[in-house]
Amino acid sequence: MRPPYLLLDVDGVLIPFPGPDGSIPATHTRHDVVPTGRSTDAPVSVWLDPTHSALLMEVIRTGLVTPVWCTSWRQDATALIGPLLGLPDLPYVDLPRPRITTSHPNGYLWKRDRVDAWLHGAPAVWIDDDFTTLDHDWAATRTARGAATLLVQPDPHTGLRPEHLTRATTWAARLATR
């Protein structure tokens, strides 16, 4: 059996959103990057936790999951974010660029329909900071239909923590023994 996909978001997971007081966790280091289509005169500042490199590489090396970017950063996650964390090139879900004013235009995460089609019934653990109750219901329904699905939801102001990855790998290890 192929290992489940590990769908990994960037904003709110690897790059935390500023807290109410505008602060970023002290563990994070600022980097300026130039996403596709942006001028080099207008880089984007991102804050990344250097410890995420070892944590994510440890998860990748287990072979328990197949990591894939699932972010609005699309190919820029591999070209810009991954190298800053010392990650290998990872595939990405080719998400649309919707014109929306909320990340939940239908009551659930805007990425979900594309992700569901992309997975083709494969098992997955999805780490994103922006799930709703409807997303959790979707995951439960997929699991009940035989496509094991785990949603892991970090706090968007603190981002990915070691316990999130432990939860993902523990789940994947249990799935592998079934």
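**Packing, pockets and rings**

Tryptophan 73 touches Val10, Asp11, Ile15, Val33, Pro35, Val46, Leu80 and Ile81, leaving aside residues up to four places away in sequence; contact means heavy atoms within 4.5 Å. The model is predicted, so local features need pLDDT of at least 70 and side-chain atom pairs count only at pLDDT 80 or more, while totals for chains, interfaces and linings use all residues. Residues are numbered from 1 along each chain as its sequence is written, and side-chain values use heavy atoms, with hydrogens and water left out.

Trp73 is also among the residues with the most contacts inside the largest nonpolar core, which has 32 residues. A nonpolar core is a set of buried Ala, Val, Leu, Ile, Met, Phe, Trp, Tyr and Cys residues joined through side-chain atoms within 4.5 Å; buried means under 20% relative accessible area, exposed over 50%, and partly exposed in between (1.4 Å probe, protein chains only). Elements giving two or more residues to this core include β1 (5-8), α1 (51-62) and α5 (162-177). Helix α5 supplies the largest share, five residues. Helices (H or I, at least four residues) and strands (E, at least two) are DSSP runs, numbered from the N terminus. Another core, of 17 residues, lies apart from this one, with Cys70, Leu109, Ala122 and Phe131 among its members.

Trp73 also lines the largest pocket, together with Pro35, Thr36, Arg38, Val44, Ser72, Arg74, Asp76 and Arg97. A pocket is an open set of points on a 1 Å grid over the protein atoms alone, where a 1.4 Å probe fits, with protein on both sides within 12 Å along at least five of seven lines; lining residues have an atom within 4 Å of a point. The volume of the largest pocket is about 200 Å³, taken as the space filled by probe spheres set on the points, which are joined across faces, edges and corners.

Glutamine 75 is found in helix α2 and touches Thr36 and Tyr92, again not counting residues up to four places away in sequence.

Where do the rings pair? Rings of Phe, Tyr and Trp (its six-membered ring) pair if their centres lie within 6.5 Å; planes under 30 degrees apart count as stacked, over 60 as edge-to-face and the rest as tilted. The count comes to three aromatic pairs. Tryptophan 126 and tryptophan 138 have ring centres 5.9 Å apart and planes at 80°, so this pair is edge-to-face. Trp126, Phe131 and Trp138 form one aromatic cluster.
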